[in-house]
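Dear colleague,

I am passing on a structure for you to look through, and below it I have set out what was found. Please keep it open beside you as you read.

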Amino acid sequence: EQIMGDEVYGKDRERRLVELLRAIADLIRGFDDDTALLAAGPQLLKMMGDARSELFHYEVRITYDLPEVAESRRIVEEAKRRLESLEKEMDLDGDDPDDDAPWRGEQS
């Protein structure tokens, strides 16, 4: 399951979303005439609003991190920052033996 704060998007929530979408479709199909369908506008708007919100959460659930994933991401980001910092320090010294800029080296 994907977690963000208290948000959990598991199989049960996914099943409820499918049920909501099918209920909207069934409701629309159940009206015999256009007048009745249009009269159900407020009910349909509420259901479609709920479905829209839930579909949004479903679509972005990939961005929700499990605590373990978030910690791993933090460790990698910290390691990248440290590496960049070390690389900058090495460049400032001018002592890099693999330096491709010979004009920074010793004067002849």
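Among contacts in the protein between residues at least 6 apart in sequence, what percentage join residues at least 24 apart? The share is 59%, where contact means heavy atoms within 4.5 Å.

Before going further, please note that this is a predicted model, in which local features need pLDDT of at least 70 and side-chain atom pairs count only at pLDDT 80 or more, while totals for chains, interfaces and linings use all residues. Residues are numbered from 1 along each chain as its sequence is written, and side-chain values use heavy atoms, with hydrogens and water left out.

The average pLDDT (the predictor's confidence in each residue, from 0 to 100) is 80 for the protein, and 72% of the residues score at least 70. Over residues 1–6 pLDDT stays under 50, although the model has 15 contacts beyond four places in sequence for them. Where pLDDT is low, the predicted coordinates should not be read in detail.

The protein has 4 helices and 2 strands, taken as DSSP runs numbered from the N terminus (helices are H or I, at least four residues; strands are E, at least two), and along the sequence they follow the pattern β-β-α-α-α-α.

Helix 1 (residues 11–30) and helix 3 (residues 41–60) pack with their axes 10 Å apart, at an angle of about 150 degrees; axes are lines fitted to C-alpha atoms, for helices over the stretch in contact, and angles run from 0 to 180 degrees between N-to-C directions. The two helices are therefore roughly antiparallel to each other, a term for angles over 145 degrees.

L27 lies in helix 1 and, leaving aside residues up to four places away in sequence, touches Q43, L44 and M47. The C-alpha atoms of L27 and L37, which are 10 residues apart along the chain, are separated by 8.7 Å.

Conventions. Parallel < 35°, antiparallel > 145°, perpendicular 65-115°, else oblique.
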